[in-house]
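Please look over the sequence and the structure below. A short report on selected parts follows.

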Amino acid sequence: MSDVALMQKHWPHAEGAATKASATTKLPATLEAPATTKAPATTGAHLLSTRDVTVRYDLTKCALQPTSLDFDKGQVTALIGPSGCGKSTFLRCLNLMNREIPRCCVDGQICYHGHNINTKEENLFDLRASIGMVFQQPAPFRKSIRENIIFAPKRHGRISSRSAADELVETSLRQAALWDEVKDKLDYSAWALSGGQQQRLCIARALAMRPDVILFDEPCSALDPVSTFAIEETIRSIAEYGICVVIVTHNMEQATRVSDRTAFFYVGEMVECGMTKQIFGAPKDQRLADYLTGRFG
Amino acid sequence: MTDTSAAAASTSAKPSVAILDVDLDEHARRIRKQDRIATIFLTVIVGFVLALLAALVIYILAQGLPEVLTPGFLTNSPLDRDNPGISYELFDSFYMLFVTLVISVPISLGAAIFLVEYAPENWVTSAASTAIETLSSLPSIVVGMFGSLFFVVYCGWGVSILSGAMALTMFNIPILVRVIQQALQDVPRVQRDASLAMGLTRWETTRSVLLPAAMPAIVTGIVISAGRVFGEAAALLFTSGAAPARLNFGSLDITSLRNPWNIFRQAETLAVHIYKLRMEPTPGNDAIAWGTAAVLIICVLLFNVGARMLGKHLAKKMTSE
Amino acid sequence: MTQKNDEEATQVPAEQSEAPQYENVLPDRMPRLSIKGEGKAEGGAVSKARLSKTHESRKTHKTLPKQQLEHVGLGLTGTCVALVALIVVALVFMVFQQGLTTFFSDGVDFGAFITGPHWIIEEGQFGALPLIVGSFSVTLLSTLFALPIALGSAIYVVEVQPGFGRHVFQPLVELLVGIPSVVYGLIGLYVVNSSMRALFGSAAGTGAGILSGAIVLAVMILPTVTTLSIDALAAVPNDYREGSYALGCTRWQTVWHVVLKSARPSIMTAVILGMTRAFGETLAVQFVIGNVEKSMPTSLLDPAATLTTALTSGLANATTGSVQYHALWSLGMLLLGMSLLFILIIHLIGRKGAKGND
């Protein structure tokens with residue numbers, strides 16, 4: 001059995017997607033407003049799809065112009081652009097983390113498995129159990145490595161026994177390429193690990209929830225090159241398991257190494273997106289060309 | 001200064017060479033002398049403050065320690081005719097502190113968590129913050145007066161440890177809420193975000209992620225607030241009384257007014273005892289007052305130093321385990 | 001793969017066919033990862049069982065639904081806040097209710113209350129002016145005494161010797177904050193009163209008076225104002241200082257013109273907080289001020305009384321519900337009003353300071 005097929009056994013997202021769509025019919029239907037009639041048909045085909053998403057802080061300051069992007073499973077999409085141009089803001093819309101910021105208003109359609117999640121009735125807790133996130137600073141909890149990983153699954157009721165917990169810990173750490181380094185230190189504090197190891201632990205922690213989508217917000221910007229390389233490898237392998245990966249990075253080379261598709265953001269606007277090779281090889285927009293050649297950074 | 005006026009005169013005539021007429025060296029010397037004088041002045045002030053602190057503590061200990069060290073001072077009851085001591089007051093102080101903390105810590109914790117995590121940005125939150133701020137700036141005698149009517153009369157608890165503890169709670173809550181709020185806000189935001197991003201509720205996040213991380217600062221804050229509560233007297237005069245109950249440490253009946261653990265009995269803490277001794281000019285009271293003051297200040301100093309050491313120890317344990 | 005502008009309906013995403021193709025897209029130096037440990041427990045029974053489960057039913061045992069948990073948390077903590085707010089409201093309400101009874105049902109005139117020069121409640125004279133004057137003079141004087149010393153120490157600790165300040169001075173001063181007020185009163189009684197007698201002879205009487213009270217209060221609020229000033233000065237960004245030094249200013253010039261000006265709102269807040277503490281202090285003052293309530297003090301050495309001390313002595317003797325009792329609550333009302341005024345001033349300073357920084 002090939003590697004990819006083996007991992008797909010443990011990540012049954014292909015089957016799981018269809019059954020989840022039917023199981024969640026209790027969610028409200030997609031928004032009436034700007035629906036192009038073909039939207040439900042095509043958005044059902046993408047795992048995560050956004051239409052005209054805008055973000056405003058303090059109800060007035062517009063941080064993100066209407067943006068529409070689609071993400072599919074098994075695919076790595078990179079969001080690039082200079083600092084402060086809305087990439088992280090857009091990323092945080094995808095798992096509704098912008099709702100934690102007071103007076104932040106997110107408009108538009110965000111369809112996950114074909115259903116719009118940008119509604120008031122959306123169950124944030126179930127949503128975030130399927131869409132994971134890894135942040136810029138490694139943030140392991142003040143607990144042991146084992147505790148860090150089973151922290152969330154335990155509270156979602158997914159762990160029934162000690163052996164299930166052990167198996168989950170081992171699987172997640174293997175997938176994050178951290179198992180060999182910490183397998184005899186599982187009960188030691190996570191704060192004793194190095195920066196790169198802590199970030200991989202955060203990735204393992206996100207993987208332990210068996211999400212469909214993992215969002216990375218500049219995961220390597222606080223790390224040294226060796227750890228960066230290890231994490232890039234991990235990200236690629238995660239995509240091979242069928243997880244949709246969206247990664248924000250201000251390092252263009254990282255985007256070329258890691259991603260299949262790239263979207264370029266500039267001053268709150270998504271300027272261009274496409275296959276990575278095409279974006280970097282033959283950019284269509286002049287602003288993107290200037291960014292790539294280093295006219296501005 | 002003749003230099004600057006000469007400079008002013010010459011600027012009108014020959015602007016291009018005006019700057020050469022100013023004696024820069026003299027100016028620099030003056031400024032440097034000012035700096036030196038200021039530094040000396042400040043050093044004197046700091047020395048004065050340190051000397052004052054030392055003098056205060058030494059004076060209290062000098063006046064009070066001889067009394068403290070006489071046998072029986074700490075263990076005799078104040079009602080003992082021959083050699084009155086402060087045993088009842090000592091017990092009452094600690095018991096009152098315990099009851100106060102039992103009531104105020106959970107309420108302050110809940111209020112602080114609400115203000116940090118759940119509070120919506122509307123008038124309710126600002127009203128709550130203002131209420132807490134008002135409480136923190138009230139004179140303690142007003143709190144005591146309120147307690148003497150509300151807890152003692154309206155609630156029907158009478159002059160008791162419970163009334164006193166409630167008055168002290170009102171006094172303590174603003175301190176604790178501020179400390180806990182600060183401790184929770186000092187936890188890096190990304191810890192909270194990481195937990196929320198995994199689909200956990202704010203409640204679980206606070207309980208299992210934020211509180212453990214903020215624990216050293218919270219514990220330090222609680223112990224320091226305990227020090228302040230320990231020395232409070234004005235709020236207690238009319239709520240828990242200025243006379244000690246006749247305690248019977250062997251009593252098994254919790255409802256008896258002589259049982260030391262009964263919170264509905266009246267009590268007299270160390271600070272109140274000092275006040276009462278001063279108000280009653282019986283000979284020999286002065287010595288007892290000084291002894292009590294010495295005990296009080298030693299306890300408060302121990303609380304403060306202990307808080308700091310405990311905080312450091314907990315923080316170290318957190319990062320090195 | 002769809003793009004933003006067009007080609008939406010034309011290209012059908014083909015995930016299955018994309019998966020192996022990306023190998024050609026990646027640069028050659030990216031090695032193909034092997035999944036480690038595939039022969040181990042992952043292929044076991046639990047994982048096979050999971051294959052048939054949907055995403056939704058992965059829960060293996062019941063937990064409290066998260067929304068409910070969140071409501072529980074909100075309810076619990078909200079109750080605590082509500083309790084606190086309620087008791088504050090009860091306090092303010094009761095103070096005003098009892099305090100205003102003096103004027104509305106007991107027939108005491110408010111103007112006479114505020115300006116009357118005799119406070120002899122046993123005889124029904126309710127002129128609180130001596131008390132008001134006593135409170136204000138003691139507070140203002142003590143702040144006057146304490147401010148230069150506190151500010152000077154704060155400047156030394158932050159600007160001149162930060163290491164010494166952080167490790168020695170600040171912890172020691174914070175110890176001073178904890179000394180109970182009765183102890184200050186006791187020391188004041190022995191030390192300050194006798195000093196007054198020694199300095200001013202017979203003019204000082206027993207040595208108790210406004211000046212003694214001010215000195216004791218100054219020592220009491222000194223630690224508070226000092227620690228707050230230290231925080232205020234330390235909060236000034238270092239860039240301000242470095243900019244000033246880069247222009248060639250000496251340390252004192254920097255402090256005077258740059259640091260102090262920048263920290264002015266915070267220092268003013270520290271001063272007001274010190275004044276609040278001094279104004280509300282009872283027992284420390286009571287020992288050294290002489291407790292003469294019946295007439296106006298004429299000099300700094302005269303024994304006097306403050307609102308707080310009069311309240312304390314009166315409450316011990318008054319019977320609940322009497323006119324005297326209500327008059328004491330009116331004093332409490334004045335005290336409450338002053339505290340609220342102090343808070344208001346602090347808020348105004350804060351708002352002006354924030355505006356000044358814009």
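How many residues does the contact take from chain C and from chain B?

## Contact between chains B and C

The contact takes 66 residues from chain B and 61 residues from chain C, two residues being in contact if their C-beta atoms, placed from the backbone, lie within 7 Å. On the side of chain C that touches chain B, the largest share, 21 residues, comes from helix α3 (residues 66-104) of chain C. That side of chain C divides into 40 nonpolar, 17 polar and four charged residues. Here Ala, Val, Leu, Ile, Met, Phe, Trp, Tyr, Cys and Pro count as nonpolar, Asp, Glu, Lys and Arg as charged, and the others, Gly among them, as polar.

## Basis of the model

This is a predicted model, in which local features need pLDDT of at least 70 and side-chain atom pairs count only at pLDDT 80 or more, while totals for chains, interfaces and linings use all residues. Residues are numbered from 1 along each chain as its sequence is written, and chains are lettered from A and ligands numbered from 1 in the order in which they are written.

## Chain C

Chain C has 14 helices and two strands; these are DSSP runs numbered from the N terminus, helices being H or I with at least four residues and strands E with at least two. Among contacts in chain C with a separation of 6 or more, 72% join residues 24 or more positions apart.

Helix α8 (residues 210-234) and helix α11 (residues 264-280) of chain C pack at about 155°, with their axes 9 Å apart. This angle makes α8(C) roughly antiparallel to α11(C) (over 145 degrees; under 35 is roughly parallel, 65 to 115 roughly perpendicular and the rest oblique). Residues of α8(C) in the contact include Leu217(C), Ile221(C) and Leu228(C), and those of α11(C) include Ile267(C), Val271(C) and Arg277(C). The residues of this contact divide into 10 nonpolar, four polar and one charged.

## Chain A

Helix α9 (residues 195-207) of chain A has 12 of its 13 residues buried, so α9(A) is largely enclosed by the rest of the structure. The buried residues include Gly196(A), Cys202(A) and Leu207(A).

Lys154(A) lies in helix α6 (residues 145-155) of chain A. Lys154(A) counts as partly exposed because 15 C-beta neighbours lie inside 10 Å. The C-alpha atoms of Lys154(A) and Ala289(A) are separated by 48 Å, and the two residues are 135 residues apart along the chain.

Conventions. Buried ≥ 20, exposed ≤ 12 C-beta atoms within 10 Å, placed from the backbone. Axes fitted to C-alpha atoms, helices over the stretch in contact; angles between N-to-C directions.
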